[in-house]
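Reader: I've just opened this one and could use a hand finding my way around. Could you walk me through it?

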Amino acid sequence: MRGQRSLLLGPARLCLRLLLLLGYRRRCPPLLRGLVQRWRYGKVCLRSLLYNSFGGSDTAVDAAFEPIYWLVDNVIRWCGVVFVVLVIVLTSSIVAIAYLCVLPLILQTYSVPRLCWHFFYSHWNLILIVFHYYQAITTPPGYPPQGRNDITTVSICKKCINPKPARTHHCSICNRCVLKMDHHCPWLNNCVGHYNHRYFFSFCFFMTLGCVYCSYGSWDLFREAYAAIEKMKQLDKNKLQAVANQTYHQTPPPTFSFRERVTHKSLVYLWFLCSSVALALGALTVWHAVLISRGETSIERHINKKERRRLQAKGRVFRNHYNYGCLDNWKVFLGVDTGRHWLTRVLLPSSHLPHGNGMSWDPPPWVTAHSASVMAV
């Protein structure tokens, strides 16, 4: 009975509303009716301008900080060459101090076997630093091919309007898409992507080793040089007091030569610079090592973190499909397919290319079925 009654009353109610609406429109003046229509039309236009299905707090924050992003991008773009020159100058200054100040001192104190070890290790480390830094700044990170329709893409870039393969992101500083982009490094004046990520990490690793080596090896020299500088300051203070009191009959205090002053200050500069770089760059190296072990880049870490939270709220588990296990992730990153290449790749510069072309991410052939099926949570 209720169903039949609702079927009968439904059309009646609809007709009643239409009659009331028509009556209201007849009684309403044309001017007021036009204002009401314009008001409704304005509300629809305003909602269409503000509506965004992808909007949210992140979109609002990005829009608010867009001027800051623009300023930072332009500053980094124009100062990239300055940062590269700064790296070369600082590294060259450490090498010059090691040859001109440290080497004459250790020749007088170290034994021959110890000297040989320091000579070969320091030069091997320096060669690796120079090689990987040169490769990192000159090797293109990899860009999606233009004008091709046979590549596998997951979306279209909103800024350069080109097909974007998986793990590809747009760099606002380089103003183009980069394959497997990790970040834009101002110290390289280049993006860190698929083809030069390995060189960037190797440079950070060997630079950290070199700074730790210099900082630890020059600790005794640093303490002596720091004590000598404090003594120089005290002698200069006593000398000024003696001149003010005009006590010329007293024996003048001994003075340090110009070479000794420069040597002591250079040793202090070497230790402070190497220690600070070792701490900062060492932390960055460890952070990238953790990301490589997880099969992620710096950008993917933030994306995966948000996706993990979103799926966790729905009671689902997030799985990173580019994680093949810690050991296989390092093999993919270093471009190593067999175990016999590990020692040569880690200890010596080589020309192994990373796995894949940066556009398709199928599991490499040496990844076992178990590690390919087990994804990181």
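Author: Let's start with C171, which is buried at a relative accessible area of 2% (buried means under 20% relative accessible area, exposed over 50%, partly exposed in between, with a 1.4 Å probe and protein chains only). Keep in mind that this is a predicted model, where local features need pLDDT of at least 70, side-chain atom pairs count only at pLDDT 80 or more, and totals for chains, interfaces and linings use all residues. Residues are numbered from 1 along each chain as its sequence is written, and side-chain values use heavy atoms, with hydrogens and water left out.

Reader: Which cysteine sulfur is closest to that of C171?

Author: A disulfide is a pair of cysteine sulfur atoms within 2.5 Å. The closest sulfur to that of C171 is 3.2 Å away, so it is too far for a bond. It belongs to C191.

Reader: Is C191 buried or exposed?

Author: C191 is in no disulfide. Its relative accessibility is 0%, so C191 counts as buried.

Reader: How many disulfides does a search of the whole structure find?

Author: The C171 and C191 sulfurs sit 3.2 Å apart, too far for a bond. For the whole structure, the search comes back with zero.

Reader: Why is helix α10 largely enclosed by the rest of the structure?

Author: Helices are DSSP runs of H or I with at least four residues, strands are E runs of at least two, and both are numbered from the N terminus. Helix α10 covers residues 326-334, and its buried residues include W330 and F333. It is largely enclosed because the buried ones number seven of the nine.

Reader: Where does UniProt list "transmembrane region"?

Author: The UniProt entry is unreviewed; its positions use the numbering here, feature names are shortened, and annotations may be inferred rather than shown by experiment. In the model, residues 75-103 are 100% helix, with end C-alpha atoms 40 Å apart. Residues 267-290 are also 100% helix, with end C-alpha atoms 34 Å apart. The UniProt listing is residues 75-103, 115-134, 199-222 and 267-290.

Reader: How many helices and strands does the protein chain have?

Author: Buried residues make up 33% of the chain's 377 residues. One of its helices is α4, residues 66-109, where L103 is found. In total, the chain has 12 helices and six strands.
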